[in-house]
Amino acid sequence: MKEPKLKTVYVCSNCGETSPRWMGRCPSCGSWNTMNEDVVAEAPKAGTAAAKQAAAARPEGVTTLTAKRLSEISMTEEKSRILTGISELDRVLGGGIVLGGVVLLSGEPGVGKSTMLLQLCGAISNQHSVLYITGEESVRQVKLRAARLKVPQDNIFLAAENDVDEICGLIEKEKPDLVVIDSIQTMRCMDISSSAGTVSQVKESAARLLAVAKKQEIPMFIVGHVNKDGAIAGPKVMEHIVDTVLYFEGDKMLPYRILRAAKNRYGSTNELGMFDMTGQGLAEIENPSQMLLEGRPLGVSGNCVACTMEGSHSERDPGPCHQDEFPGPTACLQRLRLQPHESADRCAGKACRVFLWKPGCIYQHRGRHCAA
Ligand SMILES: Nc1ncnc2c1ncn2[C@@H]1O[C@H](COP(=O)(O)OP(=O)(O)O)[C@@H](O)[C@H]1O
Ligand SMILES: [Mg+2]
Ligand SMILES: [Zn+2]
């Protein structure tokens, strides 16, 4: 068969929109500077021999596929889910890891995605075997992290690899109970000519890994980096094909991390998990209210406590406002003239630092007042 002809296109790293020409702004999602060069195989022209070959006739009624009777499919919860024992994570996942479920864990570099997943591997490794594929670090680096986090290492298998087809082969051969892919932006399908991290690579790599996970009923966690300048394809381009999308967020200057589900085929998207990044890894924060109220200057004018609800968790937390009024969090923010998810140092008279996380009004207070 003739090799397909290659052509250059420009693909938006945020939404996947393509254009034959470079554009400063994506016509579909409106992001700036996200149209990057990519190489794809040109579809054969309609009516040509190549097109006819591509659309080879399907013989009628011939298949290897069989359908199962719905009533015969097992669904006992203990069989279909793995509880990690990390309750903050289990809750966000909707009650543990679903067999064959593919979870995208996205977040900015350095937020702690690899740490979280290595701890997760350790947590389930006494009963389950885990295959951890690293495309970013050497096996030695992962080993050093595992030693620092003190995770049990006997049932965790490690491979440093970027070739998706090799990885799929390894998963089918080893049949682990859980697979971690760290990260999708370092993965490559060798038959696609564009480089790792481009939209076509991210999409196709994710699709191939997903197919193996579904077929083998192996749960899979895929790390996806978010970066604002759009130089690498964002996890957005694969969000629609995975079962669950988790965002891991936090302020670089603070140790607190929030895990939330943006999409979940197997649970609610209203739950939040809170963690504290320590030298020994992520520690669950079981009582966020206590944590957030600690270090609050007592009896200081300009302090109020707002209670906001997220899922089944409530967080009480100090926010800046005047003592003689007690506005809700939204009023508080208006007073600061903040947009949700902005941070600022400013408040009328007295100033404090406020950190906000989407969605809703979970925000954090430095516990320190400074003059405006
Ligand atoms: N020796 C250490 N002691 C304490 N914290 C560390 C140490 N090494 C790394 N970290 C923390 O781990 C973070 C990196 O986590 P990592 O899981 O590699 O992030 P990601 O995979 O999301 O890029 C760092 O930002 C830092 O907060
Ligand atoms: Mg990492
Ligand atoms: Zn776009």
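Biologist: In which loop is the place of serine 183?
Modeller: This is a predicted model. The peptide bond that leads from aspartate 182 to serine 183 is cis, with omega near 5°. Most peptide bonds are trans. As for its place, serine 183 is in the loop between β9 and α7.

Biologist: How many residues has helix α7?
Modeller: Helix α7 covers residues 199-216. From its first C-alpha to its last it reaches 26 Å, close to the 26 Å expected at 1.5 Å a residue. Its number of residues is 18.

Biologist: Which elements cover the buried residues of α7?
Modeller: The buried residues of α7 are Val199, Ser200, Gln201, Val202, Ser205, Ala206, Leu209 and Ala213. An α-helix has 3.6 residues a turn, so residues three or four places apart point the same way. The cover of the buried residues includes β1 (6-12), β3 (35-41), β6 (102-107), α6 (164-174), β9 (178-182) and β10 (220-225).

Biologist: Is valine 164 buried or exposed?
Modeller: Valine 164 has its place in helix α6. Leaving aside neighbours within four places in sequence, its contacts are Met187, Arg188, Cys189, Ser205, Arg208 and Leu209. A residue with 20 or more other C-beta atoms within 10 Å is buried. Because valine 164 has 27 C-beta neighbours inside 10 Å, it counts as buried.

Biologist: How far apart in space are valine 164 and cysteine 189?
Modeller: Cysteine 189 is among the contacts of valine 164. In sequence the two are 25 residues apart. In space, from C-alpha to C-alpha, the separation is 5.4 Å.

Biologist: Which are the edge strands of the open sheet of 9 strands?
Modeller: The strand order is β8-β7-β9-β10-β6-β11-β12-β13-β14, and the pairing is mixed. An edge strand pairs on one side only. The edge strands are β8 (156-160) and β14 (281-284).

Biologist: How many bridges join strand β7 to β9?
Modeller: Strand β7 comprises residues 130-134 and runs parallel to β9. Tyrosine 132 stands opposite valine 180 in β9. The number of bridges joining β7 to β9 is 5.

Biologist: What angle does the direction of α7 make with that of β10?
Modeller: Helix α6 packs on the sheet, touching β7, β8 and β9, and its direction makes about 170° with that of β7. Helix α7 also packs on the sheet, where it touches β6, β9 and β10. The angle between the directions of α7 and β10 is about 165°.

Biologist: Which helix gives the most to the shell around ligand 1?
Modeller: The residues surrounding ligand 1 are Gly107, Pro109, Gly110, Val111, Gly112, Lys113, Ser114, Thr115, Arg148, Met277 and Gly279. By class, the shell has 3 nonpolar, 6 polar and 2 charged residues. The most, 3 residues, come from helix α4 (residues 113-124).

Definitions and conventions:
Residues are numbered from 1 along each chain as its sequence is written. Chains are lettered from A and ligands numbered from 1 in the order in which they are written. This is a predicted model: local features need pLDDT of at least 70, side-chain atom pairs count only at pLDDT 80 or more; totals for chains, interfaces and linings use all residues. Helices (H or I, at least four residues) and strands (E, at least two) are DSSP runs, numbered from the N terminus. The expected span of a helix is 1.5 Å times one less than its number of residues. A residue is buried if 20 or more other C-beta atoms lie within 10 Å of its own, exposed if 12 or fewer, and partly exposed in between; C-beta atoms are placed from the backbone. Two residues are in contact if their C-beta atoms, placed from the backbone, lie within 7 Å. A residue is near a molecule or strand if its C-beta atom, placed from the backbone, lies within 6 Å of it. Ala, Val, Leu, Ile, Met, Phe, Trp, Tyr, Cys and Pro count as nonpolar, Asp, Glu, Lys and Arg as charged, and the others, Gly among them, as polar. Two strands pair if DSSP finds at least two bridges between them. Axes are lines fitted to C-alpha atoms, for helices over the stretch in contact, and angles run from 0 to 180 degrees between N-to-C directions.
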